[in-house]
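Here is a friendly note to read alongside the model. Please keep the structure open as you go through the points.

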Amino acid sequence: MAMAAICLVVTGASVGPMAITLREAAHSSLRHIVELKVMAIEEFLSRGATLAQQVTSRTVIRDKLADYHDGKVDLAAVADFTRDKLVDSLNLSAELVGIVRLNAKGELVVAVGKPFDWAGTSMPGLSATQPTMSPPTLIDGQPYIVMAAPINSRIGQRLGVDLVLIDARRLLGILRDGHSLGETGDIAIVTSETRPRLLIPFGHEPARDGGVLAPEGPIARIVAATITGHSPLVEAKGDPILVAAAIPGTDWVMVMRMGAAEATASVDRLVIAVIATAAVLALFGVIGLMAVLRPLTGSIIIHTNDMRRQIEDLERARAELQEKTHQLALSNADLQEYAYVASHDLQEPLRMISSYAQLLERRYKGKLDEEATEFIGYMVDGVKRMQAIILHLLDYSRVGGKGQSYSAFDSGDAVASALANLAGAIKASGGEVTTGSLPVVWADRMQFTRLMQNLIGNAIKYHLPEQAPHVAITAEREDRYWRFCVSDNGIGIDPQYFERIFKLFQRLHPRGEFEGTGIGLAICRKIVEIHGGSMWVDSEPGHGAKFFFTLPDVTVSMAEGQALAQTESV
């Protein structure tokens with residue numbers, strides 16, 4: 001009996017923590033499913049916003065609205081001029097199915113494509129430059145989303161709004177893809193209000209307008225607790241299990257539910273098997289224990305042999321990994337050479353296109369209509385942007401490549417070099433740059449200078465129109481690192497875009513408002529990371545931005561660099 005009791009105590013002490021750990025792993029897999037679906041929805045919505053901005057980008061149409069705003073033409077003339085061009089815009093994507101153009105007073109100018117009720121659409125504020133999005137709506141039983149893109153004049157005056165109707169069936173497909181939802185799992189999208197409203201309801205039945213959820217219900221409680229940019233929340237106390245995550249850039253929350261039995265079925269089966277084994281041991285006492293221990297002894301021997309084989313396999317895998325790492329280094333060197341050659345060869349045809357487009361413009365100036373002249377301008381501008389993108393991509397590919405030269409140098413001297421390169425832009429903007437006491441760092445001086453030049457240049461570029469830019473550069477010691485800060489008094493950044501701005505080709509403003517390719521900050525973060533640091537931003541719209549990055553202290557970096565050099569020489 002004593003032995004049986006011991007078996008039960010040991011089993012209970014072992015099964016409890018194991019069951020908790022396995023259940024947490026099951027919950028993490030549900031979080032991962034929701035994170036992937038949120039990323040897919042964010043990509044869909046970003047694509048919709050891009051389509052809306054493309055519709056509003058036609059200069060000749062915007063100028064015609066400006067003429068109406070100034071009283072030079074009437075509304076009927078604007079509608080006649082605009083209709084065919086908006087019909088052409090419907091060919092941008094199969095998901096773009098309807099466009100409504102309004103003037104600055106909210107009056108209808110023209111509507112093309114699929115008709116829809118736009119009266120309740122959420123409109124962008126007077127200072128907005130980015131499209132706003134209305135919740136999903138049903139038209140003929142199918143879901144659609146309306147993007148409202150502001151049309152502003154060259155001086156920032158509101159001329160009108162384009163309401164772009166986006167087919168949201170792909171959004172519905174993302175939610176109801178059953179491969180990862182099992183038999184009991186389903187997903188809904190709700191608003192993050194005090195009384196959440198169903199935008200896309202649970203279930204595999206046809207989409208329909210949802211109702212308002214009770215504020216004291218489990219779904220409303222988990223929706224209220226979600227925070228944009230944080231990991232999905234899991235509510236596992238009830239049945240079904242709920243997982244919720246905020247969708248960036250919206251006031252929507254994705255909620256996934258799954259039956260508790262299905263979510264933890266494998267864990268429950270394992271716990272039951274262990275408990276059953278403990279019951280057998282308790283029933284048969286010492287005899288049962290001995291009967292179990294004999295085969296376990298053989299199993300231990302077998303597992304020991306298996307572990308020995310696994311260790312040998314790991315040793316072989318490590319040797320293969322070292323060889324593949326060497327091959328990868330050679331491949332990276334070849335790719336950098338290829339990037340240089342490709343960038344050179346790609347720019348030659350671009351220069352030819354630009355030259356002939358400018359030749360057309362000079363030779364036929366005054367003989368072409370306004371729209372043809374605009375098209376030629378698009379060609380020249382597109383070539384220039386492509387050349388800039390190629391050069392920036394080449395810079396990005398070279399960061400961290402061969403030719404790096406690490407040394408100890410005064411970071412203040414490197415900042416001075418960056419300021420000298422930006423002297424013209426700083427003077428033209430009337431800006432001021434101040435620096436505190438900056439440390440000696442161990443880094444590639446050329447790349448550090450490029451890092452500082454990009455950050456200071458952005459601070460000068462993105463300043464408020466009514467205020468001269470002021471940039472401050474400081475550094476503070478934190479344990480084994482130096483934390484640098486480049487702060488400004490510019491237009492600021494919405495927190496929802498803090499990670500997006502460090503990715504390739506991510507721009508937050510229309511091309512006509514600020515120049516750039518969307519690669520500069522990606523280069524900055526890559527430079528910092530190859531030096532063993534990290535980079536982030538803190539900002540509020542209209543209140544400037546602070547870009548932080550860390551670099552190891554010079555003594556730490558030199559010691560690590562010397563150790564690496566000795567390793568490579570062995």
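**A loop, a sheet and some rings**

1. Lys-503 is found in the loop between strand 16 and helix 12 (520–530); helices (H or I, at least four residues) and strands (E, at least two) are DSSP runs, numbered from the N terminus. Lys-503 is exposed, as its relative accessible area is 51%. Here buried means under 20% relative accessible area, exposed over 50%, and partly exposed in between, with a 1.4 Å probe and protein chains only.

2. A word on the source: this is a predicted model, in which local features need pLDDT of at least 70 and side-chain atom pairs count only at pLDDT 80 or more, while totals for chains, interfaces and linings use all residues. Residues are numbered from 1 along each chain as its sequence is written, and side-chain values use heavy atoms, with hydrogens and water left out.

3. Which residues does Lys-503 touch, leaving aside those up to four places away in sequence? They are Gly-518 and Ala-522, where contact means heavy atoms within 4.5 Å. Between Lys-503 and Gly-520 there are 9.3 Å in space, C-alpha to C-alpha, and the two are 17 residues apart in sequence.

4. Five strands form an open sheet in the order 13-15-16-18-17, with mixed pairing; two strands pair if DSSP finds at least two bridges between them. At the edges are strand 13 (432–435) and strand 17 (535–539), each pairing on one side only. Strand 17 joins strand 18 (residues 545–552) through five bridges in the antiparallel sense, and Val-537 has Phe-547 in strand 18 as its bridge partner.

5. Now look at the rings. Six aromatic pairs are counted; rings of Phe, Tyr and Trp (its six-membered ring) pair if their centres lie within 6.5 Å, and planes under 30 degrees apart count as stacked, over 60 as edge-to-face and the rest as tilted. Phe-502 and Phe-547 are edge-to-face because their planes stand at 80°, with centres 6.3 Å apart. Phe-502 lies in the loop between strand 16 and helix 12 and Phe-547 in strand 18, so this pair ties together parts 45 residues apart in sequence. Both Phe-502 and Phe-547 are buried.

6. Trp-536 and Phe-548 make a stacked pair, 5.5 Å centre to centre with 15° between the planes. Trp-536 is partly exposed at 31% relative accessible area, whereas Phe-548 is buried at 12%.

7. Finally, Arg-525 lies over the face of Phe-502, 4.1 Å from the ring centre. For such a case, NZ of Lys or CZ of Arg must be within 6 Å of the ring centre and within 35 degrees of the ring normal.
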